[in-house]
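Student: I have a structure open and would like to learn how to read it. Could you walk me through a few features?

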Amino acid sequence: MLFRSNNTIPAAYYLPRSVKPTDPRRPAVICMHILDGNDELMRMTCSTLASHGIPAIAFKLPYYGERGPAEGPRAMGKNPKLLLDALGQGIGDIRRTVDLLASRPEIDPERVGIMGISLGGIVSGAAAGMEPRLHRTMMILAGGDVLSIIHHCRETSELSHLIRGLSPGDRSQVEKTIAAVDPLRHADNLRARAMQGLVLMVNAAEDEVIPRTCTEKLADALGIRPRVTWLEGLGHYTAIAALPRILEQMVLFFGEDLDPSLKVRPSPAAAKTPVQIVLGVVHQALGFLTAEPGPGRCHMADLTAAITPRGQKTLEGRLLMARGAEGRFKLEGRLPMVGEVALGQGKYPWMASAKRVFKGVKNLKGKPGDPLAFADPKGMTRVQVASGALAGAMLAPEILDSLVSVADDRGPDGNRIIRVTLKGRNRGALALTLREDGKTPQRLTFDVPGVQGTVQFRQWQISTVAPDGVFDPPSGLVEQEVEASELQRVFSAMFSFAMESL
């Protein structure tokens with residue numbers, strides 16, 4: 001090996017707290033990380049499985065983290081030798097991990113599974129095809145025809161450029177090695193398990209990294225195309241908005257092999273009153289502006305709305321919002337009287353139209369800073385005041401008794417509905433429908449003076465995991481470099497206008 005440190009595989013093993021020597025043996029899951037090696041996402045995945053009684057293990061692929069050079073896995077995009085070594089070694093590492101799990105007294109050696117997201121999903125599919133001991137396989141945001149994926153997506157552009165620039169002989173060798181670990185190459189070996197329901201694919205319907213055709217090729221080869229779960233309206237990075245649903249599917253899928261006596265029933269959380277739930281949702285909404293998430297985290301919401309002002313036609317729109325640490329954010333959607341919008345700030349501020357993306361990289365020194373640096377501070381002060389007032393009301397909700405009356409209800413599907421009636425001169429009504437967990441908003445209908453409408457919460461998460469690319473601009477557009485401060489002035493003007501309108 002070119003790096004001695006690559007011979008040691010750091011791993012984290014998550015064991016359910018309830019494990020006892022007398023228990024029946026349990027299934028186990030190997031969890032494979034995404035392209036940027038995000039630890040937080042794998043910790044969340046493994047801990048979710050373990051908290052439901054299923055042991056899980058995660059390890060770094062070759063040349064990631066402490067296994068590789070200082071620049072990390074990007075070194076493989078410049079060195080064909082590293083790349084060729086890593087492809088074969090990664091599969092070997094998975095096989096050794098199966099050996100390890102199968103040797104554990106609490107693990108059923110015939111029920112070791114594997115799951116992965118993005119790169120991890122591709123690796124999982126290939127490994128399952130080559131290793132018959134892998135009983136279940138879950139591939140998230142993955143597909144087959146790896147060479148097409150490499151040459152398609154922005155994240156592997158360095159590797160694509162390297163491959164295309166090699167001599168014909170070297171290029172042929174690299175392409176053969178990549179094809180040898182392509183899930184499509186080994187789909188025949190996995191097809192029988194797939195047809196038994198032991199393979200699950202979850203994919204974004206608008207994935208900009210893994211082309212839908214690549215997902216469908218692999219699903220067809222496995223014979224499960226009609227059973228693929230598609231996350232409608234979401235892309236590769238915005239699919240993180242569906243993380244709770246994905247984790248729930250994961251637990252149910254691998255939990256099918258868990259002895260019923262070992263299934264973990266979560267302790268019920270302290271019940272909140274209807275008023276506290278409503279105030280909490282509103283407080284979270286204000287938190288998109290006032291509460292910055294921690295490093296590697298983001299707030300994310302995907303909303304559709306139909307609003308009818310009195311005497312006017314209905315206005316419809318959709319908005320996906322993500323906010324991260326250190327001024328990172330993204331807004332995408334379709335707004336009434338505005339049309340399609342796409343703007344954000346990750347490594348730099350940006351705005352996109354249908355054909356062009358304006359990148360604020362001119363005179364950008366270091367991190368881009370506050371995207372609302374030029375906004376009227378009064379607008380943010382108003383939001384902070386409202387947020388503070390709501391926080392106080394959550395501690396003493398009885399102060400709202402003179403303003404609203406609240407009633408609990410159930411919808412036809414059994415979901416909880418909290419109905420709020422406004423008192424006083426400005427009478428009106430709101431109804432907040434919650435999802436099955438009883439705390440996440442699903443739909444809000446309202447009829448208040450001057451306006452009525454409905455907001456659908458397609459996704460709603462506070463402080464969820466934020467992969468690096470979630471704040472990047474759309475790919476495949478003509479790029480134009482502009483002054484970073486010019487875009488931040490536009491962001492600030494839009495925010496100030498919105499605050500004044502509200």
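Student: At roughly what angle do the axes of helix 3 and helix 7 cross?

Tutor: Before the angle, a word on the model. This is a predicted model, in which local features need pLDDT of at least 70 and side-chain atom pairs count only at pLDDT 80 or more, while totals for chains, interfaces and linings use all residues. Residues are numbered from 1 along each chain as its sequence is written, and side-chain values use heavy atoms, with hydrogens and water left out.

Tutor: Helices (H or I, at least four residues) and strands (E, at least two) are DSSP runs, numbered from the N terminus. Axes are lines fitted to C-alpha atoms, for helices over the stretch in contact, and angles run from 0 to 180 degrees between N-to-C directions. Here helix 3 (residues 119–130) and helix 7 (residues 187–195) cross at roughly 95°, and their axes come within 7 Å. Angles under 35 degrees count as roughly parallel, over 145 as roughly antiparallel, 65 to 115 as roughly perpendicular and the rest as oblique. Helix 3 and helix 7 are therefore roughly perpendicular to each other.

Student: Which residues make the contact between helix 3 and helix 7?

Tutor: Contact means heavy atoms within 4.5 Å. Helix 3 brings Gly125, Ala128 and Gly129, and helix 7 brings Asn189, Leu190 and Arg193. For classes, Ala, Val, Leu, Ile, Met, Phe, Trp, Tyr, Cys and Pro count as nonpolar, Asp, Glu, Lys and Arg as charged, and the others, Gly among them, as polar. By that scheme the contact of helix 3 with helix 7 has 2 nonpolar, 3 polar and 1 charged residues.

Student: How does helix 7 pack with helix 8?

Tutor: The axes of helix 7 and helix 8 (residues 212–222) are 8 Å apart, at an angle of about 70°. That makes helix 7 roughly perpendicular to helix 8. On the helix 7 side you will find Ala187, Leu190, Arg191, Ala194 and Met195, which meet Leu218, Asp220, Ala221 and Leu222 of helix 8. This contact divides into 7 nonpolar, no polar and 2 charged residues.

Student: Which residues touch the most other members of the largest nonpolar core?

Tutor: Buried means under 20% relative accessible area, exposed over 50%, partly exposed in between (1.4 Å probe, protein chains only). A nonpolar core is a set of buried Ala, Val, Leu, Ile, Met, Phe, Trp, Tyr and Cys residues joined through side-chain atoms within 4.5 Å. In this model the largest core has 92 residues, and Ile30, Met138 and Leu222 touch the most other members. Helix 9 gives the most to this core, with 7 residues. A second, separate core has 9 residues, including Ala301, Phe446, Val455 and Phe457.

Tutor: Take a look at Leu222 in your viewer. Beyond its neighbours within four places in sequence, Leu222 is in contact with residues that include Met139, Val199 and Met201.

Student: What span should helix 9 have?

Tutor: The expected span of a helix is 1.5 Å times one less than its number of residues. Helix 9 (residues 243–255) has 13 residues and should span 18 Å, which agrees with the 18 Å between its end C-alpha atoms. Its buried residues include Leu247, Met250 and Phe254. Helix 1 (residues 39–51) also has 13 residues, and reaches 18 Å from its first C-alpha to its last, close to the 18 Å expected.

Student: Is Thr45 buried or exposed?

Tutor: Thr45, found in helix 1, is buried, with a relative accessible area of 1%. Not counting residues up to four places away in sequence, Thr45 touches Cys31, Met115, Leu247 and Met250. Ser353 is partly exposed, with a relative accessible area of 40%.
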